[in-house]
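Here are my notes on the model. Please read them with the structure open beside you.

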Amino acid sequence: MTIEEKVGQVIQADIASVTPEEAKRYHLGSILNGGNSAPGGDEFAPPEKWLALADAFYDASVDTSGGRTAIPIIWGTDAVHGHSNIVGATLFPHNVGLGAMRDPELLERIAQATALELRSTGMEWTFAPTITVPQDGRWGRAYEGYSQDPALVASYVGRFIRGLQGVSSDEPILNGPHVLASTKHFLADGGTFEGRDQGDARISETELRDVHGTPYVPAINAGVQTIMASFSSWNGKKITGHKGLLTDVLKERMRFGGFVVSDWNAHGQIQGCTNASCPQAINAGLDMYMAPDTWKPLYHSLVKQAKDGTVPMARLDDAVANILRVKIRAGLFEAGRPSSRPHSGRYDLLGSADHRALAREAVRKSLVLIKNNGQILPLSPKSHILVAGDGADDIGRASGGWTLTWQGTGISNDKFPGRPRSGRASAMPSPLPAARPVTRPTAATSKSRMQRSSSLAKPPMPNSRVT
C-alpha cells in the first residue's frame with residue numbers, strides 16, 4: 001500500500017460531506033451517517049436509497065483502476081435503540097429503560113433484531129452499545145447509559161455484543177445475521193465534573209478503573225471489534241489523545257485487539273490540534289479518525305506528517321493493520337456488494353411483527369413503579385386522562401434522541417408506520433407486569449423513567465453529529 005492508501009484507511013467521512021468518487025480518490029477506509037445525514041440529504045429516505053448508497057461506496061472502494069488497492073469500505077451508523085435512522089424500523093427503549101429491565105437475555109434478542117434490520121439496508125457496523133456508567137443525572141446523555149451501577153452495566157455488555165456480532169469464532173462475522181459492534185465512550189464519559197458533556201472526569205485512577213472501566217472487561221472478552229474514544233478528559237487530558245489510556249491500558253494491559261475510532265471531530269479538541277491537523281491522536285493510539293466534514297484537510301495533513309516522520313510509519317502501519325484485521329474478521333473482503341449479501345433488501349425485517357413484539361416486551365419490562373400512592377395504578381379503562389404539552393402527541397420526542405434525526409425532533413407522526421391513531425390510546429397487548437419494588441436508586445430507575453425532553457437531552461451542537 002502507498003502512504004496515501006494507508007492514510008485513507010484511518011479516516012472516516014460523513015456521507016453528507018463525501019461522494020463515492022471522493023472515497024475512491026482518497027482511499028477512505030470508512031464512512032458514517034451522522035444523526036442528521038442521509039442519502040441525498042433526505043432524512044426520511046426509503047431503505048432502498050440507503051442500500052443503493054452502500055453499493056455505490058462499496059463499488060468505489062474496490063475499484064482497482066489506476067493500480068489502486070481494493071479494500072472494501074465499512075459503513076458505521078448509530079443504531080443505538082434499533083436501526084433508528086430508517087423510517088419503519090423497530091424502535092426499542094433507550095438504555096436507561098433497558099437497564100431497568102434487569103434482563104440480559106432480552107437485551108441479547110434486541111441486539112439480534114437490530115443487527116438483522118441493519119443488514120437489510122447494507123450496513124455492517126453500529127456505534128453500540130453505549131456502556132457509560134453515568135454518575136451525575138445533570139449529564140444530558142445519562143439516558144444513554146444502562147445504570148450508574150458498573151456491575152449492572154457489565155452484566156449486559158457481553159450479551160448485547162453477542163447479539164450483534166454472534167459468538168466469537170473463526171467464522172466471519174458477516175456470514176451470519178450479524179454486524180460489528182462498538183463500545184463507547186472510552187473512558188469515563190459519564191463521570192465528568194458536574195455532569196458536563198465532553199467535560200473533565202476529575203477522579204482517581206481507582207474510580208476510573210473500578211467504575212468506568214469495569215464494563216470494558218466483558219466487552220473485550222466478548223470480542224468487541226471496535227471501541228470509540230471519548231470526547232471527554234481525565235484530569236485535564238483529552239482521552240482521544242491519551243496514550244496512557246488508549247495504548248498502555250486498552251491495547252496493552254487489557255489486550256484489546258480491534259481498532260479504536262474517535263468521536264465526531266474529537267481530535268480537534270486535543271491540545272495543539274485542530275480539526276484539520278492532529279498527529280497527536282494517532283500517535284497516542286487512535287486508529288481511525290472520525291472526521292465527518294473535515295476529512296479532506298485532515299487527509300492532506302496526515303500524508304505530509306507520515307512522509308516527514310511526525311507520524312512514525314510503524315504507528316501508521318499498526319493503525320492500518322488493526323483496521324484491516326477487523327475487516328478481515330468481518331469477512332468484508334469476501335462479502336461482495338452490500339446488496340448481494342444475506343438479508344440485504346429484506347425490508348420486511350424493518351419493523352417486523354416479531355421485532356415489534358420484542359420492543360413491546362422491552363417497554364413493559366422497563367416500566368418502573370417507584371411509588372403507588374393511593375393505588376392510582378392500574379389506571380381504570382373508563383378514566384378520561386389529559387396528556388398535555390407540546391410533546392404530548394409527538395412520537396419522535398417520546399422516542400428520544402437518535403430517532404430518524406439526531407435529537408428525534410422535527411418529525412411528523414406519519415413517519416412512524418404502525419403508530420396508534422392520534423388522540424386515541426392503543427390497546428395494551430397484555431397486562432403490565434406487577435410493580436417491582438426498587439431496592440436502590442440507579443440511573444435506570446430514580447433518575448429517569450420520566451425521560452427528559454429530547455431537545456434538552458444534549459447541548460446544542462452545529463450540524464449533525466454522532467456519539
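**Notes on strands, a disulfide and cavities**

1. Start with methionine 228, which stands opposite valine 261 in E10. Strands here are DSSP runs of E, at least two residues long, numbered from the N terminus. Two strands pair if DSSP finds at least two bridges between them. E7 and strand E10 (residues 259–261) run parallel and are joined by three bridges.

2. A word on the source. This is a predicted model: local features need pLDDT of at least 70, side-chain atom pairs count only at pLDDT 80 or more, and totals for chains, interfaces and linings use all residues. Residues are numbered from 1 along each chain as its sequence is written, and side-chain values use heavy atoms, with hydrogens and water left out.

3. E7 also pairs with strand E5 (residues 182–186), in the parallel sense, over four bridges. Phenylalanine 186 stands opposite alanine 229 in E7.

4. Which way do the residues of strand E7 (residues 226–229) point? Thr226 and Met228 point one way, and Ile227 and Ala229 the other way. In a regular strand the side chains alternate between the two faces of the sheet. All four of these E7 residues are buried (under 20% relative accessible area, with a 1.4 Å probe and protein chains only).

5. Now look at the open sheet of five strands. Its order is E4-E3-E2-E1-E11, with parallel pairing. Strand E4 (125–126) and strand E11 (289–290) stand at the edges; each has a single partner strand, so one side of each is left without a neighbour in the sheet. Strand E1 (residues 11–14) pairs with E11 in the parallel sense over two bridges. Glutamine 12 stands opposite methionine 290 in E11.

6. How many disulfides are there? The count comes to one, taking a disulfide as a pair of cysteine sulfur atoms within 2.5 Å. Cysteine 273 is joined to cysteine 278, with S to S at 2.2 Å. Their link is right-handed, with 60° about the S-S bond. Both cysteine 273 and cysteine 278 are buried.

7. Last, the cavities. A cavity is a set of points on a 1 Å grid over the protein atoms alone, where a 1.4 Å probe fits but cannot get out. The structure holds seven of 30 Å³ or more. The largest cavity has about 70 Å³ of space. Residues lining the largest cavity (an atom within 4 Å of a point) include Trp139, Arg141, His185, Asp189 and Phe231.

Definitions and conventions:
On a 1 Å grid over the protein atoms alone, a cavity is a set of points where a 1.4 Å probe fits but cannot get out, and a pocket is an open set with protein on both sides within 12 Å along at least five of seven lines; lining residues have an atom within 4 Å of a point. Grid points are joined across faces, edges and corners, and a volume is the space filled by probe spheres set on the points. Buried means under 20% relative accessible area, exposed over 50%, partly exposed in between (1.4 Å probe, protein chains only).
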